[in-house]
Amino acid sequence: MIPIGTFITHSAEETFELAYEIGEGLTASAVFLLQGDLGAGKTVFAKGLAAGLDIDPADVNSPTFTIVNQHDGRLRLYHLDLYRLPDTGGADELRELGLDEMLNESQAVVVIEWPERLDGRVIAAAYRVRLTDQGGDARHVEIRRTNTSS
Ligand code: ADP
Ligand code: MG
């Protein structure tokens, strides 16, 4: 079960643990859009999700230069970091990366850092996780369903 709501974590370990429990509960495809400034904890969250899928979190790093990394665990994990995509006009790159195929894969969890770069493209039935630095090691972690008007 994925907890919907706002949580406060007080350390990277707590953010990892929150994501770990979500990852542990996943049994089918899911999409997570991770929002937040640099250093907010998006990759920490991705590592926790990975660990919950029986993937070594040490293998999960910000895939800034490769844009996407694939990890095979209990389910497949696609970890994307779109930071380097252009603000607009990233549509060709996303097509080349095969984002649609990843989203349509039946047993794949897709985790996207910097989903703002999706440039208006709507991903139905995703979870939006917004991490906000509250000073020190405190983070606000807001988990919501994305708008699913369909
Ligand atoms: P992002 O991917 O959002 O740029 P990272 O996950 O790579 O950020 O880095 C977050 C940094 O903040 C790490 O160095 C982590 O140890 C630190 N940190 C401190 N407190 C927290 C917290 N509560 N949750 C997540 N990360 C935290
Ligand atoms: Mg990151």
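Two rings of Phe, Tyr or Trp (its six-membered ring) make an aromatic pair if their centres lie within 6.5 Å; planes under 30 degrees apart count as stacked, over 60 as edge-to-face and the rest as tilted. The model in these views is predicted, with local features needing pLDDT of at least 70 and side-chain atom pairs pLDDT 80 or more, while totals for chains, interfaces and linings use all residues. Residues are numbered from 1 along each chain, ligands are numbered from 1 and chains lettered from A as written, and side-chain values use heavy atoms, leaving out hydrogens and water.

**View 1. A stacked pair, Phe32 and Tyr127.** A search of the whole structure turns up two aromatic pairs. In this one the centres sit 5.5 Å apart, with 25° between the planes. Phe32 belongs to strand S2 (30–35) and Tyr127 to strand S6 (127–133), so the pair ties together parts 95 residues apart in sequence; strands are DSSP E runs of at least two residues, helices H or I runs of at least four.

**View 2. A tilted pair, Tyr83 and Trp114.** Here the centres are 4.9 Å apart and the planes at 45°. Tyr83 is partly exposed at 33%, whereas Trp114 is buried at 13%.

**View 3. Polar contacts of ligand 1 (N or O atoms within 3.5 Å).** A polar side-chain atom of Lys42 lies 2.8 Å from a ligand oxygen. A polar backbone atom of Asp137 is 2.7 Å from a ligand nitrogen.

Key:
Polar contact = N/O pair within 3.5 Å; in protein donor to acceptor, adjacent residues only side chain to side chain. Buried < 20%, exposed > 50% of the residue type's maximum accessible area, 1.4 Å probe, protein only.
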